[in-house]
Amino acid sequence: MRRFRCPSCQHEVFFPNTACLYCGSVLGFAPGGGFSLIGDDNPACANRATIDCNWIAPEPGALCLSCRHTTVVPDLTVEGNVEKWARIETAKRRLIRLLYRLELPLNDAEGNPAPVFELKGDPIDTGKPRVLTGHENGTITLNIVEADDAEREAMRSAMGEPYRTLSGHVRHEVAHHYFEALTGNDPAQREALRAVFGDDRADYGEALKAHYENGPPADWAQSFISSYATAHPYEDFAETWAHVMHVLDGLETARAFSLVGADLPEDLHDLALRPMERLAESWVALSVSLNAVNQAMGHETFYPFVLSPTVIAKMEAIRALITRNWQL
Ligand SMILES: [Zn+2]
Ligand SMILES: [Zn+2]
Ligand SMILES: [Zn+2]
């Protein structure tokens with residue numbers, strides 16, 4: 001994330017802010033620019049009153065670019081659901097800004113928003129099936145229980161994961177959509193990814209079953225970003241894609257606060273044009289220091305992952321896929 005200023009008083013404004021904390025101006029964000037004053041020219045998103053969405057809508061009464069990608073919202077009569085929805089949308093706005101800046105398509109062939117999110121809570125009746133987070137044909141289902149910190153931490157611990165966040169979830173799930181959207185009509189591109197991630201035609205259900213029964217291979221960390229990535233080439237792609245997003249957003253932020261060298265470009269778009277080997281070098285140096293700072297404060301590790309040369313090569317394949325059609 002880059003840094004933003006209030007258009008009225010020039011004080012710093014942070015990405016989730018709905019108003020300037022210094023002068024009180026009511027502000028709205030547009031992913032192609034920064035913050036503007038909300039008004040007739042810059043109407044607020046229709047979800048602003050409910051979930052504090054701080055983005056600008058194309059016209060009064062309309063949804064913003066991010067909110068239009070949510071087609072199902074949880075039952076708002078259930079206590080706590082408005083807050084959970086709001087937290088998921090905050091992570092999603094960061095994601096949509098990244099996708100927008102990386103020139104990834106945000107519509108399908110008919111011009112409808114894609115991918116779309118369905119945000120659902122588990123049924124009150126505990127005998128009914130739980131909502132499973134996942135992706136199918138451009139629709140991402142997210143169980144809103146993930147927006148509850150205590151529940152998410154309990155799941156993280158039960159699954160033996162080093163990291164579980166809303167940003168991680170949404171970045172992982174959109175990867176499944178873009179795998180199809182960017183390579184579905186391009187057999188050569190699909191083959192190129194198979195050479196890096198393995199054959200995605202392997203039976204998905206069987207592979208997942210085997211993963212949950214047997215766990216990952218002992219030496220998984222040499223070639224995979226996470227143990228879950230070993231389950232199937234689709235999951236390897238999605239896990240690795242999420243880390244490309246983490247590294248790009250993380251480095252852009254670090255660059256904006258002068259935490260990495262000025263030899264790296266400030267702009268996300270320009271950063272994404274640097275080879276992953278170079279980006280990983282800065283990212284690893286930054287995460288080693290931030291891990292230590294976090295631990296000094298008694299927090300969990302900032303970035304509990306190892307980027308092996310094989311993992312960096314996989315990330316480079318994704319970076320190249322994203323930027324391959326950019327007009328330079
Ligand atoms: Zn201000
Ligand atoms: Zn919105
Ligand atoms: Zn997945």
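Mentor: Before turning to the record, please keep in mind that UniProt positions are given here in the numbering used for this chain, that feature names are shortened, and that annotations may be inferred rather than shown by experiment. The model itself is predicted. With that caution, the UniProt annotation "domain: Zinc-ribbon", which comes from an unreviewed entry, covers residues 4-31 and 44-77. Over residues 4-31 the chain is 0% helix and 25% strand, and the C-alpha atoms at the two ends are 12 Å apart. Residues 44-77, in turn, are 12% helix and 9% strand, with 24 Å between the end C-alpha atoms.

Now consider the zinc ion (ligand 2), which is coordinated by the SG atoms of C45, C53, C64 and C67 at 2.2 to 2.4 Å. Along the sequence, these donor residues follow the spacing C-x7-C-x10-C-x2-C. The angles among the four donor atoms run from 106 to 112°, and the site of the zinc ion (ligand 2) is tetrahedral. For reference, the ideal angle for four tetrahedral donors is 109.5 degrees.

C45 has a relative accessible area of 3%, and because buried means under 20%, C45 counts as buried. By that cut-off, C53 is buried too, at 0% relative accessibility.

Methods: Residues numbered from 1 in each chain as written. Chains lettered and ligands numbered in written order. Predicted model: local features only at pLDDT ≥ 70, side-chain atom pairs only at ≥ 80, totals over all residues. Heavy atoms only, no water. Helix = DSSP H or I, 4+ residues; strand = E, 2+ residues; numbered from the N terminus. Donors = N, O, S within 2.8 Å, 3.2 Å for Na, K, Ca; no water. Tetrahedral: all angles 85-135°; square planar, octahedral: opposite > 155°, others 65-115°. Buried < 20%, exposed > 50% of the residue type's maximum accessible area, 1.4 Å probe, protein only.
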